[in-house]
Amino acid sequence: MLITLVIIVISVTAAVLIFYMLINDSPWLTNDGLTIGSIRLNSNSMLVVSDLHVDVNSSDLSIISELVKRSGVGVMVIAGDLFDRRVKVNDREFRIMLRWLIQRLKLSSNNGKLTLIYVRSESSHDPEVENSKPIKITRFSNVLVISVPRVIKVNFPNCSHAVYVAHGDYTVSDGLLAGLINIVSLSLLKLPIVELMTRSLLGVNNNDWVIIGHTHLPVIDSKLKVANPGSWKGIFFTKPYNGYIIVKCINGKLIVKSSRVKSSI
């Protein structure tokens with residue numbers, strides 16, 4: 001009886017604590033609205049990765065360049081937490097960071113042109129760019145970098161439906177809390193709550209897809225039309241998942257599939 005009471009007290013306390021943290025880590029509760037950038041691609045396919053944390057990640061991330069080559073895509077999207085340290089930078093400093101990134105990932109070594117869409121987190125990671133426009137465009141050799149905060153709507157030339165790529169910090173700003181919420185919801189309900197909350201907050205159409213990062217947990221659900229590629233950086237006791245998502249527009253229909261890199265390719 002005493003053990004049961006202790007378990008109940010602990011469970012209720014944990015639920016109240018999570019609810020309190022969620023209230024204080026939900027930007028959508030205090031912001032009037034969210035500006036959603038939009039882009040129409042010339043390509044009918046793209047590759048999405050997230051949470052690389054390149055400045056504290058010792059892994060050989062040039063494997064991502066090989067993924068781009070093997071997949072045959074001309075567009076790659078990074079769904080936030082590309083960098084780990086949250087620092088305020090000006091335009092020149094931001095360009096230096098992006099140039100270093102392209103060298104680190106060896107993206108300029110790809111044959112042909114590449115469009116890199118960088119969806120920046122606005123919470124504890126990714127640089128805070130001073131006086132940044134909603135959509136910032138920078139070119140380095142054969143790589144065109146398009147940077148937006150928090151979320152972008154991606155339209156394909158031959159598909160009537162779109163893909164929204166967000167980091168997920170507009171829904172729950174703290175990544176650890178977002179991960180814990182999904183661990184519980186996936187275990188108990190078999191539902192990715194953070195992805196579904198983000199989908200609801202963005203107000204997307206039923207046939208549009210939503211892809212986020214942030215939780216470090218890989219997810220894909222074709223019925224709910226949500227996905228998460230997982231992280232390329234381990235956290236605490238977890239190893240990096242090294243996941244990616246390929247999106248293709250085939251015969252006017254969006255085809256979304258997930259995979260991971262288990263070894264060198």
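**Helix 4 and onward**

Modeller: Helix 4 has these buried residues: Leu-177, Ala-178, Gly-179, Ile-181, Asn-182 and Ser-185. Keep in mind that this is a predicted model.

Biologist: Which residue caps the N-terminal end of helix 4?
Modeller: Asp-174 does. One of its side-chain oxygens sits 3.0 Å from the backbone nitrogen of Leu-176.

Biologist: What span should helix 4 have, and what do its end C-alpha atoms give?
Modeller: Helix 4 runs over residues 175–188, which is 14 residues. At 1.5 Å a residue it should span 20 Å, and the end C-alpha atoms are 20 Å apart, so the two agree.

Biologist: And what follows helix 4?
Modeller: Lys-190, with a positive phi near 60°.

Biologist: New topic. How many disulfides are there?
Modeller: One. Cys-159 pairs with Cys-249, and the sulfur atoms are 2.0 Å apart.

Biologist: Which parts does the Cys-159 and Cys-249 pair tie together?
Modeller: Cys-159 is in the loop between strand 9 (151–155) and strand 10 (163–166). Cys-249 belongs to strand 14, residues 243–250. So the pair joins parts 90 residues apart in sequence.

Biologist: Is the link of Cys-159 and Cys-249 right-handed or left-handed?
Modeller: Right-handed, with 105° about the S-S bond.

Biologist: Is Cys-159 buried or exposed?
Modeller: Buried, at a relative accessible area of 9%. Cys-249 counts as buried too, with 9% relative accessibility.

Biologist: On to the packing. How many residues are in the largest nonpolar core?
Modeller: It has 33 residues. Leu-52, Met-76, Leu-105 and Trp-232 have the most contacts inside it.

Biologist: Which elements give two or more residues to this core?
Modeller: Helix 2 (63–71) and helix 3 (91–105) do, along with strand 2 (45–49), strand 3 (75–78), strand 5 (114–120), strand 8 (143–149) and strand 14. Helix 3 supplies the largest share, six residues.

Biologist: What does Met-76 touch?
Modeller: Leaving out residues up to four places away in sequence, its contacts include Leu-47, Ile-64, Val-68, Leu-105 and Leu-107. Leu-114, Thr-115, Leu-116 and Ile-117 are also touched by Met-76.

Biologist: Last one. How many aromatic pairs are there?
Modeller: Three. One aromatic cluster is formed by Phe-83, Phe-94, Trp-100 and Tyr-118.

Terms used: Residues are numbered from 1 along each chain as its sequence is written. This is a predicted model: local features need pLDDT of at least 70, side-chain atom pairs count only at pLDDT 80 or more; totals for chains, interfaces and linings use all residues. Side-chain values use heavy atoms; hydrogens and water are left out. Rings of Phe, Tyr and Trp (its six-membered ring) pair if their centres lie within 6.5 Å; planes under 30 degrees apart count as stacked, over 60 as edge-to-face and the rest as tilted. A disulfide is a pair of cysteine sulfur atoms within 2.5 Å. Helices (H or I, at least four residues) and strands (E, at least two) are DSSP runs, numbered from the N terminus. Buried means under 20% relative accessible area, exposed over 50%, partly exposed in between (1.4 Å probe, protein chains only). The expected span of a helix is 1.5 Å times one less than its number of residues. A polar contact is a pair of N or O atoms within 3.5 Å; within protein, one must be able to donate a hydrogen and the other to accept it, and residues adjacent in sequence count only if both atoms are side-chain atoms. A nonpolar core is a set of buried Ala, Val, Leu, Ile, Met, Phe, Trp, Tyr and Cys residues joined through side-chain atoms within 4.5 Å. Contact means heavy atoms within 4.5 Å.
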